[in-house]
Amino acid sequence: MSGQDVPLRHHVVHGYRRAYRIAGDGPAILLIHGIGDSSATWADLIPDLARSHTVIAPDLLGHGASDKPRADYSVAAYANGMRDLLGVLDIERATLVGHSLGGGVAMQFAYQFPERTDRLILVSTGGVGREINPVLRAVSLPGADLMLSTLRLPGMRSQVGLFSRLVKLLDTDLGQDAAELLNVVDALPDSTSRSAFISTLRSVVDWQGQVVTMLDRCYLAEGMPTLLLWGSRDSVVPVRHAYGAHAAMPGSRLEIFEGAGHFPFHSDPARFRALVEDFVRTTAPADWSQERWRDLLRVGRPGSGAGALDSAYHRAVERDLREESERSAT
């Protein structure tokens, strides 16, 4: 079986049609794609993971084959949507694998529903720093719909494709991701798709960069098995965000894919799958308790009360926390 052989299924939740793929049997793994993408991005991973797990890969609302209403596209709303889809499928807990925006959704899910989260696997994730590709900042500005529709014109599309090949030949970081980013444009065939994409983007990005952070609450991940996977040449979310997140999340593991861009699971799917399977096999699911959660909240993040930040945390995170504390998601 190939990933493309796993059929799309649909279920109506809150009046909206949600598309998803599901395969396998065993402990659940929820694969959450990034902005402008769909469940098809996981096609090469689903069959092997499904040998020992129940694998669920949804199309987020506003993406892929799911409905694209005028609705709430915030990370908190997406986390609620993931909870409701798991409820429809009678799945109580899952290991969450989130890419880019999907990583932000996975973190938000773990924050809102820790009792339903076994592990976190965050792939080139958003929500842990301000920087992001300037193209995405530009798309958050007024007139973005016109710009995106222009990119789909036959003459313009060929010019953009030529530019994509050029930056790859020049061995730039953007060249590592240009083809994948063009696929996002190709996945927006009409105004409804573009509107949903822009609404989603503006919920997390403005002209200055990312506007949502989870860094101020990452200390709550203590006891939550967390794996960070990143490409060393990520042109969308810089790899230094990986080191900041690693320092901010107690006990997390970090793996860097040398030479890979924003989609390390496309660059080296075999290594990616092996890391995911090994992490699930060698870690116990999070043992959440309300009492422990309450204690962590009372103590607060390092440096927020009495005492000083340790040096590693200070170097990697303090600056971002100071800049980003005003833009936390709730």
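**Close-up 1. One cavity of 30 Å³ or more turns up in this predicted model.** A cavity here is a set of points on a 1 Å grid over the protein atoms alone where a 1.4 Å probe fits but cannot get out. Volumes are the space filled by probe spheres set on the points, with grid points joined across faces, edges and corners. The largest cavity comes to about 210 Å³. Its lining has 19 residues, and L101, G126, G127, V204 and Q210 are the closest to the centre; a lining residue has an atom within 4 Å of a point. By class, that lining holds 12 nonpolar, seven polar and no charged residues. Nonpolar covers Ala, Val, Leu, Ile, Met, Phe, Trp, Tyr, Cys and Pro, charged covers Asp, Glu, Lys and Arg, and the others, Gly among them, are polar. Helix α3 supplies the largest share of the lining, three residues.

As for ground rules, local features of this predicted model need pLDDT of at least 70 and side-chain atom pairs count only at pLDDT 80 or more, while totals for chains, interfaces and linings use all residues. Residues are numbered from 1 along each chain as its sequence is written, and side-chain values use heavy atoms, with hydrogens and water left out.

**Close-up 2. The second largest pocket holds about 280 Å³ of space.** A pocket, unlike a cavity, is an open set with protein on both sides within 12 Å along at least five of seven lines. Among its 21 lining residues, L220, A221, E222, M224 and W293 lie nearest the centre. The elements giving two or more residues to this lining are α3 (101–112) and α12 (290–299). Helices and strands are DSSP runs numbered from the N terminus: H or I with at least four residues, or E with at least two. Sorted by class, the pocket lining has 15 nonpolar, two polar and four charged residues.

**Close-up 3. Helix α2 (residues 75–88) meets α3, with axes that come within 8 Å and cross at roughly 70°.** Axes are lines fitted to C-alpha atoms, for helices over the stretch in contact, and angles run from 0 to 180 degrees between N-to-C directions. The two helices are therefore roughly perpendicular to each other, a label used for 65 to 115 degrees (under 35 is roughly parallel, over 145 roughly antiparallel, the rest oblique). On the α2 side, the contact uses V75, A76, Y78, A79, N80, M82, R83 and L86, and α3 brings L101, V105, Q108, F109 and Q112. Contact means heavy atoms within 4.5 Å. α2 also lies across β1, β2 (16–23), β3 (28–32), β4 (54–58) and β5 (94–99), running at about 135° to β4.

**Close-up 4. Eight strands make an open, mixed sheet in the order β1-β2-β4-β3-β5-β6-β9-β10.** Strands count as paired if DSSP finds at least two bridges between them. At the edges, β1 (9–13) and β10 (253–257) each have a single partner strand, so one side of each is left without a neighbour in the sheet. β1 and β2 pair in the antiparallel sense over five bridges, with R9 bridged to Y20 of β2. Two residues sit between these strands in their hairpin, where H14 takes a positive phi near 55°.
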